[in-house]
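I opened my notebook for another look at a fold. Here is what I looked up, in the order I went.

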Amino acid sequence: MKKFINDPGEVVAQALAGLAAAHPELRVDPDNQLVIRGDAPVRGKAGIVSGGGSGHEPLHGGFVGPGMLDAACAGEVFTSPVPDAILAATRAADGGAGVLHIVKNYTGDVLNFEMAAELAGDEGIAVETVLVDDDVAVRDSTWTAGRRGTGATLIVEKVTGALAEEGASLKDVAAIGRAVNERSGSFAVALTAATTPAAGRPGFDLPDDEMEVGVGIHGEPGRRRAKIAPAAEIARVMVDAILAAKPAQGRTIVLLNGLGGTPLLELYLLYGEVAALLAERDVEIARNLVGNYVTSLDMAGASLTICHADDEILRLWDAPVRTAGLRWGV
Amino acid sequence: MNVEQAREWIAAIAETVEAEAETLTRLDSAIGDGDHGANLKRGFAAVRVALDGFEAHTVGDVLTKTGATLISKVGGASGPLYGSAFRAMGKTLTSPDVTTEQLGDALDAGLAAIRKLGGAQPGDKTMVDAWLPAVAAFRRKGPQAAATAAEEAARATTDLQARKGRASYLGERSIGHQDPGATSTALIFRALA
């Protein structure tokens with residue numbers, strides 16, 4: 001393992017210290033491993049909190065700022081944050097109008113956020129939760145933990161953040177978050193496994209000529225192993241899987257996301273294939289985003305997210321945002 | 001079990017978790033995300049610190065403190081699950097000295113807490129698969145039998161298909177790997193023996 005680290009046990013804390021140094025407009029709470037919007041809590045605004053295991057940067061700390069999250073909790077690498085930290089983030093975000101928790105559907109995240117929501121409720125802070133479960137690679141059944149939350153998390157955070165910034169009620173902000181999740185589907189393919197600093201070696205063995213089809217953002221498999229295929233074919237697998245689960249309805253927001261170890265050259269190539277396929281199927285790409293946004297450390301691979309947007313979702317997508325990882329209109 | 005023995009149990013768990021952290025992480029790498037050993041090691045190290053100098057009047061005090069510390073330090077799924085189990089056990093043991101029967105009731109309460117929070121059924125390839133036979137064996141034949149039962153049950157998870165937690169995403173491919181949660185549960189019961 002070759003990584004820019006000092007001590008595997010200090011990676012998250014030291015990365016947050018670096019984020020604070022690079023972005024003085026943010027506040028970092030090192031004890032609870034939180035990233036907080038500089039002017040939080042904003043009086044009267046519904047607060048928005050997300051978080052999860054570290055290693056998916058810029059998700060979530062990179063999306064803290066006006067127009068998006070009020071606070072993000074960074075758990076240990078690939079490990080959900082603890083209830084105390086989520087509660088601290090909730091307090092920091094609460095401007096008196098309650099707080100929305102955006103939670104990716106992983107057992108650990110769900111359990112810890114539930115506990116924190118209960119604790120916040122005991123303190124009189126109203127909490128709503130949006131559970132993100134957009135990964136269509138997982139069969140949603142009573143026999144699995146359900147679909148995972150992946151790329152759509154970014155769209156949920158952006159859209160709810162914009163609505164909250166306008167002063168909408170917590171209930172309405174939660175409702176639009178759930179609508180975005182409902183309208184979004186994602187699918188990922190990995191070419192290599194991620195190496196966590198603590199483990200020091202790749203999380204799974206993937207032969208040079210194989211890919212993991214339907215992988216999660218920690219490397220958990222979804223559908224199958226397959227021989228590596230040309231990008232055009234991989235794009236077709238992704239598009240078909242998503243449209244089969246979430247049939248197209250008009251205009252879309254498309255996120256072609258790198259998992260951390262894939263060059264933009266390849267991501268743009270893949271995006272070109274996706275765009276051509278969607279054009280063939282009469283699906284309009286109203287907005288797009290290509291880059292590394294919801295990563296899995298150094299994993300080579302890509303995920304595709306398609307959100308079937310309506311006018312309101314597009315309007316909120318276009319609203320100004322000022323964060324470390326996403327910035328436009330300001 | 002008295003307060004001192006409760007402390008010894010927790011210390012023994014901390015020791016074995018530290019010694020076996022790499023094994024747990026390796027098992028978790030195969031079907032999860034490879035953090036189980038590191039997380040439990042970090043959690044029980046924090047428990048050691050929390051119990052050091054902590055004034056415990058009952059057996060339950062020791063276990064409740066252990067559970068609360070796990071919840072507030074571990075994260076992931078194992079933090080809330082083990083944390084709730086120890087807290088549930090602690091709440092039932094309200095005297096400085098408890099009988100084996102009372103300890104059996106407490107272990108049952110711990111199992112119930114895990115099942116309530118995680119929603120796992122026996123056979124789902126989780127820590128429940130080791131807890132269930134361990135508690136039954138403890139009631140019949142005591143701690144040695146419980147440890148053996150947990151270890152056998154943990155090994156038997158190898159043949160199961162995961163239906164809860166991150167391993168469930170593997171579907172049939174989870175078969176052939178021993179469950180890390182059931183394995184750490186076996187360590188907890190071995191430390192009790």
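I took helices (H or I, at least four residues) and strands (E, at least two) as DSSP runs, numbered from the N terminus, and I called two strands paired if DSSP finds at least two bridges between them. This is a predicted model, where local features need pLDDT of at least 70, side-chain atom pairs count only at pLDDT 80 or more, and totals for chains, interfaces and linings use all residues. Residues are numbered from 1 along each chain as its sequence is written, chains are lettered from A, and side-chain values use heavy atoms, without hydrogens and water.

**Entry: the sheet.** I found an open, mixed sheet of six strands in chain A, ordered β1-β2-β4-β3-β5-β6. β1 (26-29) and β6 (127-132) of chain A each have a single partner strand, so one side of each lacks a neighbour in the sheet.

**Entry: one pair.** I followed β3 (residues 47-54) and β4 (residues 71-77) of chain A, which run parallel and are joined by five bridges. Across this pair, Ser50(A) sits opposite Ala72(A) of β4(A).

**Entry: the whole chain.** I noted eight helices and 14 strands in chain A. Its C-alpha atoms fill a box of roughly 50 × 50 × 40 Å along the principal axes. I also checked burial (buried is under 20% relative accessible area, exposed over 50%, partly exposed in between; 1.4 Å probe, protein chains only). Of the 330 residues in chain A, 58% are buried.
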